[in-house]
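Hi there,

Here is the structure I promised to pass on. My notes follow below it, and I hope they are handy when you open the file.

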Amino acid sequence: MEQSVKPNHQVSPYFAFILIHGPQIGVGVLGYQRILIEGAGQDSWIAVITAGLAVSILIAMCYYILNFEQCDLSDIHRIYFGRIFGGIANLAWALYFFALLITIYRTYIEVVQVWMFPLTKTWVISIVFVPLLYYIIMGGFRVISGMIYFSILFPLPLVIGLIFPMDYAHVENILPILEHSAKELFISHKTMTYEYLGFEFVLLYYPFIKNAHKSHKWAQGGNLLTILIYLILTLVSFMYFSQGQLGHAIWATLTMAKIIEIPFIQRFEYVIIAMWLFVILPGLCLTSWGFVRMFKKQFGGKSSWYLRLVMVLLFLAAIYFKDRQAINLLNDKVSKIGYYLIYGYIPFLFIIAFIRKRIKTKKAQRNASL
């Protein structure tokens, strides 16, 4: 239940703004445009809006479930499906969190290797990153929330830096509008969904928010900010690159950053990559924390045991995915799993909660009339 979390472990309702927004702005921002444009071409910016608005609806569904049940996802599974099947559902979500963790982590390491240190081994970089991640998560949810609070400041140089690519922008690159079919727009919509993943963690950290029912408006505000950032970045990218160029730009955002010239910084993209570590930390911390919390509530024991386990598995998994094809396959599989979870499973839980609430309301009315 919500009251089972001590007040000194909780955060204020307005933290829902950054808790939703922070994990959504991850490593995918650096190069999502190439895949996005494969569906609806220059009309793909419309999918940025539709995918974001769809996520707003899903956030509302999550809050409907959570406000009614007043507990987190692991308890909801037991209430809805019983101890055995609820436990299976918890394990499935824990594995999803781990897969998402590997995807974010390994993709960022690839960026570092390609753009900064091409001869550095994956395990060498992991030796630096994994202890940092472990140290932050051991601080608890409030420390993780504080990291997310500061992480939303780091994308600001990138947003401001978009002024430079606009000098070479061609508005005709996004014209004509609505030239593509609904099917093509849906393909881009589906692709863009991966960039909005991270909001579903509200199903876990809801009890850690004081007066959590008041945080819904803040959560929606965080998602709207995400929509705005992705929309601006998408439009600038589409106007800067032609469709042919964008189709071959693996890291389109970083490619645009290369043209930024500052007298005392020769390679501005290096600054972006280095600062982006603090941007992806929210996603890494929340996915690790989600994995640990699901296992702890399912099997008991100390959180530190499960955290050490996930850190070891993360270290080994990062080494396992060696080349771009393997990393691309990982991103593709995890994005598909995330798509079906948020568009299939969350509405499924919403329907169950809606029916349970109707039954409970009718029983209360019947008892009141007696």
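Arg34 is part of helix α2, residues 33-40 (helices are DSSP runs of H or I, at least four residues, numbered from the N terminus). This is a predicted model, where local features need pLDDT of at least 70 and side-chain atom pairs count only at pLDDT 80 or more, while totals for chains, interfaces and linings use all residues. Residues are numbered from 1 along each chain as its sequence is written, and side-chain values use heavy atoms, with hydrogens and water left out.

Arg34 is buried but has no salt bridge, and the nearest side chain of opposite charge, Glu38, is 4.4 Å away. Buried means under 20% relative accessible area with a 1.4 Å probe, protein chains only; a salt bridge needs a side-chain nitrogen of Lys or Arg within 4 Å of a carboxyl oxygen of Asp or Glu.

The largest pocket holds about 800 Å³ of space (a pocket is an open set of points on a 1 Å grid over the protein atoms alone where a 1.4 Å probe fits, with protein on both sides within 12 Å along at least five of seven lines; lining residues have an atom within 4 Å of a point; the volume is the space filled by probe spheres set on the points). Its lining has 43 residues, and those closest to the centre are Ile35, Tyr194, Glu195, Asn331 and Ser335. Helix α15 gives the largest share, 8 residues.

Best wishes

Definitions and conventions
Helices (H or I, at least four residues) and strands (E, at least two) are DSSP runs, numbered from the N terminus. Buried means under 20% relative accessible area, exposed over 50%, partly exposed in between (1.4 Å probe, protein chains only). Lys and Arg count as positive and Asp and Glu as negative; His and the chain ends are not counted.
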